[in-house]
Amino acid sequence: MPILLTNEDVKKLITPQTAVEVMKETYRSMAEGTGVTRTRSQTFGETSKEGTFVELRTSDGIIPAFRAVGMRILPDLHSWPKIGDTVRHDKVPKANKKFLAFNLIFDLDTADLQAVVQDAHLQQMRIAGTHGVAADYLAPKDASRVGVLGSGRMARGVLEGISVVRRLKSLKVFSPTKENREKFAADVTRQLELSAKAVDNPESVTKDVDIVIVCTDTIEPVFFSTWLTPSVHLQSISGRDIDDDTFARCDYTVLSMREGKCNEGLNFAPPVLREKLEARSAPFKRPIQWEKYPELGEVILGTARKRINDEGITFFCNNVGFGAQFAALGGKAVALAQERGIGKLFSIDDWYADVR
């Protein structure tokens with residue numbers, strides 16, 4: 001019988017350290033060709049509420065090392081409000097004020113459903129693991145000072161991953177809402193045992209730090225190439241909020257996957273949505289030569305180089321998520337849950353049929 005793993009279950013099973021180990025193997029498997037994946041597919045439609053769109057996002061993949069086949073499924077409501085000078089990408093709660101997102105994990109050998117895994121903590125650990133691995137190969141070895149643009153769960157995940165591979169000592173954070181950035185600073189001070197403070201403007205985050213993390217909901221640039229300083233390592237969870245010139249000015253840029261670019265999800269939008277966003281200057285096409293940049297898996301495998309000195313500016317652009325990440329983390333969570341007796345059993349006997 002399959003099991004249901006809640007977000008609370010996943011928190012007990014997948015730590016940032018585990019996530020870094022799993023993501024390193026996932027990217028290595030993708031680079032050597034033993035893993036397969038599909039980048040996310042996002043299908044939008046206009047709802048009856050002005051400015052709100054329904055989206056069905058799916059991605060899937062197989063990483064044999066974790067004996068798992070996985071699919072991520074997110075039925076979401078979206079809006080793109082303009083707040084101040086920038087356009088945000090907001091997810092709208094369902095009628096019950098909650099969100100629905102889950103992963104289906106199937107057995108590699110039998111193709112039977114093993115588990116339904118809630119998505120929120122798995123997503124945060126996917127971010128933690130990916131950015132931890134990237135920092136291990138691309139950040140200065142003695143990096144300890146961090147600047148963060150953004151104060152949400154994903155920014156917390158990036159920090160959790162980097163703290164696995166680097167001894168972080170100090171942090172500066174900016175986000176537009178003072179209360180949010182101050183709470184973020186207080187929370188990470190307790191959680192990660194470092195000195196953290198909220199600052200009042202975004203550029204100051206980038207001064208006198210070793211690593212800059214850009215993790216926002218905007219679809220317009222909030223980080224600019226003029227803020228780059230010698231020897232810094234830059235990380236972005238999407239690349240959409242990084243200006244085009246940053247790609248040109250960095251000495252060495254590594255992508256999550258070349259295929260994903262930074263805006264592939266918007267390219268699946270219907271004309272009515274594209275027209276609304278284009279009217280607000282949202283980028284759909286960017287003059288960036290994605291094909292010239294190496295992927296993180298190639299760095300891990302050794303077919304692309306890692307950071308080679310302390311002077312250069314490195315940039316990891318986590319430009320797209322893909323299904324194999326969730327298959328691997330979900331497979332690892334299921335294996336650990338079976339060992340520890342965690343998860344709620346449920347029957348799907350009635351789902352099986354005599355014909356296909």
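This report walks through selected loops, helices, salt bridges and contacts in a predicted model.

## Two loop residues with positive phi

Start with R67. Its place is the loop between strand 3 (53–63) and strand 4 (68–79). Phi of R67 is near 55°. That is a positive value in a residue other than glycine. R67 is partly exposed, with a relative accessible area of 41%.

Now take K97. This residue sits in the loop between strand 7 (90–92) and strand 8 (102–107). Phi of K97 is near 70°, again positive and again in a residue other than glycine. Is K97 buried or exposed? K97 counts as exposed, because its relative accessibility is 69% and the exposed class begins over 50%.

## Salt bridges across the chain

Side chains of opposite charge can pair when their charged atoms come close. How many salt bridges does a search of the whole structure find? The search finds 17.

R67 returns here. Its side chain meets that of D109 in a salt bridge, at 2.8 Å from N to O. D109 is exposed, with a relative accessible area of 61%. R67 is partly exposed, at 41%.

K94 and D76 form another salt bridge, at 3.9 Å from N to O. This pair also links distant parts of the chain, 18 residues apart. K94 is in the loop between strand 7 and strand 8, and D76 is in strand 4. K94 counts as partly exposed, at 23% relative accessibility. Why does D76 count as buried? Its relative accessibility is 4%, and buried means under 20%.

Some pairs sit close together in sequence. E182 and K178 both lie in helix 5 (residues 178–192). They are four residues apart, about one turn of the helix. Their side chains meet in a salt bridge, at 4.0 Å from N to O. E182 is partly exposed, with a relative accessible area of 41%. K178 is partly exposed too, at 49% relative accessibility.

Salt bridges can also join into a network. Which residues are linked in this way? They are R156, K183, D187 and R190.

## Helix 2 meets helix 4

Two packed helices are described by the angle between their axes and the distance between the axes. Helix 2 covers residues 16–32, and helix 4 covers residues 153–165. Their axes come within 9 Å and cross at roughly 80°. That makes helix 2 roughly perpendicular to helix 4, because angles of 65 to 115 degrees fall in that class.

Which residues meet here? From helix 2 come P16, Q17 and V20. From helix 4 come E160, G161, V164 and V165. The residues of this contact divide into four nonpolar, two polar and one charged.

A19 lies in helix 2. A19 is buried, with a relative accessible area of 0%. Leave out residues up to four places away in sequence, and A19 touches I14, M125, G129 and L329. The C-alpha atoms of A19 and L192 are separated by 17 Å, and the two residues are 173 residues apart along the chain.

A143 has its place in the loop between helix 3 (120–138) and strand 10 (145–149). A143 counts as buried, at 2% relative accessibility. A143 and L168 are 25 residues apart in sequence. In space, they are 7.1 Å apart, C-alpha to C-alpha. Setting aside neighbours within four places in sequence, A143 is in contact with R166, R167, L168, D210 and I211.

## Helix 10 and the glycine after it

Helix 10 runs over residues 323–340. What span should its 18 residues have, at 1.5 Å a residue? They should span 26 Å. The end C-alpha atoms are 26 Å apart, which agrees.

Helix 10 is mostly covered, with 13 of its 18 residues buried. Just after helix 10 comes G341, which takes a positive phi of about 70°.

Notes
Residues numbered from 1 in each chain as written. Heavy atoms only, no water. Buried < 20%, exposed > 50% of the residue type's maximum accessible area, 1.4 Å probe, protein only. Expected span 1.5 Å × (residues − 1). Axes fitted to C-alpha atoms, helices over the stretch in contact; angles between N-to-C directions. Parallel < 35°, antiparallel > 145°, perpendicular 65-115°, else oblique. Contact = heavy atoms within 4.5 Å. Nonpolar A, V, L, I, M, F, W, Y, C, P; charged D, E, K, R; others polar.
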